[in-house]
Amino acid sequence: MIEMESEIKISRQCEILGVSRSSHYSALSDIFNVNIRDEELMKKIDKIYTDYPFYGSRRIRMELLRYHCLNVNRKKIQRLMRIMGIYGQSPGIMTSKRCVPHKKYPY
């Protein structure tokens with residue numbers, strides 16, 4: 001792990017770990033690739049999600065369009081939701097549950 005606040009220079013840490021300096025900075029930019037506009041959008045997505053935790057990216061997009069007048073691509077909302085670690089809740093498959101009062105017919 002490369003430490004930013006270390007006495008050893010980043011170039012030396014990368015050399016010790018056998019990692020190129022450019023790949024270190026590339027990985028860093030991938031992690032923190034959220035700008036200020038995205039942060040504001042993430043706050044609005046979080047507000048909608050806390051009110052309606054069963055909404056997915058499609059319905060969150062419609063809420064943003066309807067009440068906040070923001071026309072945002074659904075893929076961007078999916079990406080931000082993935083970064084935030086939130087997912088729409090959906091019902092599971094109920095095919096294996098048996099209804100006890102029903103009569104069981106033999107083959």
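Reader: Is cysteine 69 buried or exposed?

Author: Cysteine 69 is exposed, because its relative accessible area is 65% and the cut-off for exposed is over 50%. Keep in mind that this is a predicted model.

Reader: Where does cysteine 69 lie?

Author: In the loop between helix H4 (57-67) and helix H5 (74-84).

Reader: What is the phi of cysteine 69?

Author: The general idea comes first. Most residues other than glycine have a negative phi. Cysteine 69 is not a glycine, yet its phi is positive, about 55°.

Reader: How do I read two packed helices?

Author: Use the angle between their axes and the distance between the axes. Here, helix H3 (residues 36-51) packs with H5 at about 80°, and the axes are 10 Å apart. H3 is therefore roughly perpendicular to H5.

Reader: Which residues make the contact?

Author: H3 brings Arg37, Asp38, Leu41, Met42, Ile45 and Asp46. Among those from H5 are Lys76, Ile77, Leu80 and Met84. The contact of H3 with H5 counts 8 nonpolar residues, 5 charged and no polar.

Reader: How do I read aromatic rings?

Author: A pair is described by the distance of the centres and the angle of the planes. The structure holds 3 aromatic pairs. Tyrosine 52 and tyrosine 55 have ring centres 4.7 Å apart and planes at 15°, so they are stacked. For phenylalanine 54 and tyrosine 55, the centres are 5.3 Å apart and the planes are at 85°, so that pair is edge-to-face. Tyr52, Phe54 and Tyr55 form one aromatic cluster.

Reader: Is tyrosine 55 buried or exposed?

Author: Tyrosine 55 is buried, at a relative accessible area of 8%. Tyrosine 52 is partly exposed, at 34%. Phenylalanine 54 is partly exposed too, at 46%.

Key:
Residues are numbered from 1 along each chain as its sequence is written. This is a predicted model: local features need pLDDT of at least 70, side-chain atom pairs count only at pLDDT 80 or more; totals for chains, interfaces and linings use all residues. Side-chain values use heavy atoms; hydrogens and water are left out. Helices (H or I, at least four residues) and strands (E, at least two) are DSSP runs, numbered from the N terminus. Buried means under 20% relative accessible area, exposed over 50%, partly exposed in between (1.4 Å probe, protein chains only). Axes are lines fitted to C-alpha atoms, for helices over the stretch in contact, and angles run from 0 to 180 degrees between N-to-C directions. Angles under 35 degrees count as roughly parallel, over 145 as roughly antiparallel, 65 to 115 as roughly perpendicular and the rest as oblique. Contact means heavy atoms within 4.5 Å. Ala, Val, Leu, Ile, Met, Phe, Trp, Tyr, Cys and Pro count as nonpolar, Asp, Glu, Lys and Arg as charged, and the others, Gly among them, as polar. Rings of Phe, Tyr and Trp (its six-membered ring) pair if their centres lie within 6.5 Å; planes under 30 degrees apart count as stacked, over 60 as edge-to-face and the rest as tilted.
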